[in-house]
Amino acid sequence: MAAYSVQVFNAAGKFRVVSTKPMPGQQWIRALVNAGCRVEVCTSQKTILSVDDILSLIGSKCDGVIGQLTEDWGETLFSALKKAGGTAFSNMAVGYNNVDVEAANKYGIAVGNTPGVLTETTAELAAALTLSAARRVVEADDFMRAGKYDGWLPNLFVGNLLKGQTVGIIGAGRIGSAYARMMVEGFKMNVIYYDLYQSKFLENFVTAYGNFLKSQGETPVTWKRASSPEEVLKEADVVSLHPVLDKTTYHLINTERLALMKKEAVLVNASRGPVIDEEALVKHLKANPMFRVGLDVFEDEPYMKPGLGELPNAVVVPHIASASKWTREGMATLAALNVAGKLQGLPVWHNSNMVLPFLDENVPPPKACPSIVNAKALGLQVAPPPSKL
Ligand SMILES: NC(=O)C1=CN([C@@H]2O[C@H](COP(=O)(O)OP(=O)(O)OC[C@H]3O[C@@H](n4cnc5c(N)ncnc54)[C@H](O)[C@@H]3O)[C@@H](O)[C@H]2O)C=CC1
Ligand SMILES: O=C(O)C(=O)CO
């Protein structure tokens, strides 16, 4: 992309900040302009920008960039950004497996992400995929639209009842725990989870809800922390994947582990595609027609592995788990405030799980960067909690 098209805001701004994509809402633009930035938004129609495209955007003077999870932020881009005088980058995403943080550290560039604002939205989509797969909603919709429905039948699109079954979570962080709570409270499912860390919050929630059900004369829900992913896969009727993508979770679901799952289980993935060996999944789905999946993410995104798109026991959507208006505008705002904050020399917010104060349109945001993942490595100052100010 030799020449690129950009939309410019606040042309006379002191800092030059590039956004590789137009993003929803206006609050993020205001945040950057208020911080004295000239904002250049790339308006190229190309969906995924290459490293060369982004090099052209960075040019010879660039203070900060807001990028997307589809872009390869590594040595080449961080060294170019450093050379252009840049010190700040933010992904417009909570996941940052597309970013080589070591390379950013080497060039002293802060890497922001956007946690918290997408927790419930993503968990809701995982719940939607769970229901769609368990109750065969997409298959039934196709059937209806094809004019095949000629009357109620006892065996038509029989699926799985969730109530009283066990939901398994692998990766019970912000999103995994929110999803678990939805499935527990909404469908009275029992929980089994595997994570490197204990989720006291989730355990306390399930215990309290179980006690409430008991007080109503109903069967209480239960929780269990598994000591391995295998334990979850063997016991759960529904398994939803919510870990980060790294070396420990790449192909976490493979042929051997799929074989441990119940024949009529539902598997949901709204984390990152490579957490599942998708070729192995296609084989498993073909061999087990009552096993169903709901997928928001794919190993070779935007492509699906051959055969997946033809399988009736797979529900597939194009990485839309965070796609609610509030969340997408909030992600853009957090990404902008990460970059704006760093350029203004502000400290890092004390708790990246509590970002709501940054999202209120009517109140100026706290004087901090909401979430910088390499703050410690770069020795950035952390702001004290507001009560201690
Ligand atoms: N499909 C979509 O649109 C979205 C996808 N995501 C993905 O979801 C991921 C999780 O997001 P959050 O819940 O906000 O992050 P989080 O950091 O709160 O949770 C991730 C959890 O994974 C756990 N974990 C790490 N390695 C593990 C392993 N080997 N086995 C089991 N658990 C492991 C961590 O201990 C942590 O509790 C993101 O990194 C991102 O990749 C996030 C938002 C939207
Ligand atoms: O924030 C993320 O990690 C996403 O995948 C965006 O939807």
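Over residues 128-321 of this predicted model, the chain is 36% helix and 14% strand, and the end C-alpha atoms are 10 Å apart, where helices (H or I, at least four residues) and strands (E, at least two) are DSSP runs numbered from the N terminus.

Residues are numbered from 1 along each chain as its sequence is written, while chains are lettered from A and ligands numbered from 1 in the order in which they are written. Because the model is predicted, local features need pLDDT of at least 70 and side-chain atom pairs count only at pLDDT 80 or more, whereas totals for chains, interfaces and linings use all residues; side-chain values use heavy atoms, with hydrogens and water left out.

Strand pairing, for which DSSP must find at least two bridges between two strands, links S2, S4, S5 and S6. Strand S2 (residues 15-19) runs parallel to S4 and is joined to S4 by three bridges, with Val 65 of S4 as the bridge partner of Val 18. Strand S4 (residues 64-67) is in turn joined to S5 by four bridges, again in the parallel sense; across this pair, Gly 64 stands opposite Ala 88 and Val 65 stands opposite Phe 89. Three bridges then pair S5 with strand S6 (residues 110-112), also in parallel, and here Phe 89 stands opposite Val 111.

Ligand 1 is surrounded by 25 residues, the closest being Arg 174, Ile 175, Asp 195, Thr 248 and Asp 296, where a residue is near a molecule if one of its heavy atoms lies within 4 Å of it. Among the polar contacts, which are pairs of N or O atoms within 3.5 Å and which, within protein, require that one atom be able to donate a hydrogen and the other to accept it, residues adjacent in sequence counting only if both atoms are side-chain atoms, an oxygen atom of ligand 1 is 2.6 Å from an N or O atom in the side chain of Asp 195. A backbone N or O atom of Arg 174 lies 2.8 Å from an oxygen atom of this ligand, and a polar side-chain atom of Thr 248 lies 2.9 Å from a nitrogen atom of ligand 1. Taken alone, ligand 1 exposes 860 Å², of which the protein buries 89%, with accessible areas from the Shrake-Rupley method with a 1.4 Å probe and, for residues, only the protein chains shown counting as cover.

The residues around ligand 2 include Leu 69, Val 94, Gly 95, Arg 272 and His 319. Backbone N or O atoms approach oxygen atoms of ligand 2 at 2.7 Å from Val 94 and at 2.9 Å from Gly 95, and a polar side-chain atom of Arg 272 lies 2.7 Å from an oxygen atom of the ligand. Ligand 2 exposes 230 Å² when taken alone, and the protein buries 90% of that. The backbone oxygen of Arg 272 is also reached by the side chain of Asn 269 at 3.2 Å; Asn 269 is found in strand S11 (residues 266-269) and counts as buried because its relative accessibility is 0%.

Methods. Buried means under 20% relative accessible area, exposed over 50%, partly exposed in between (1.4 Å probe, protein chains only).
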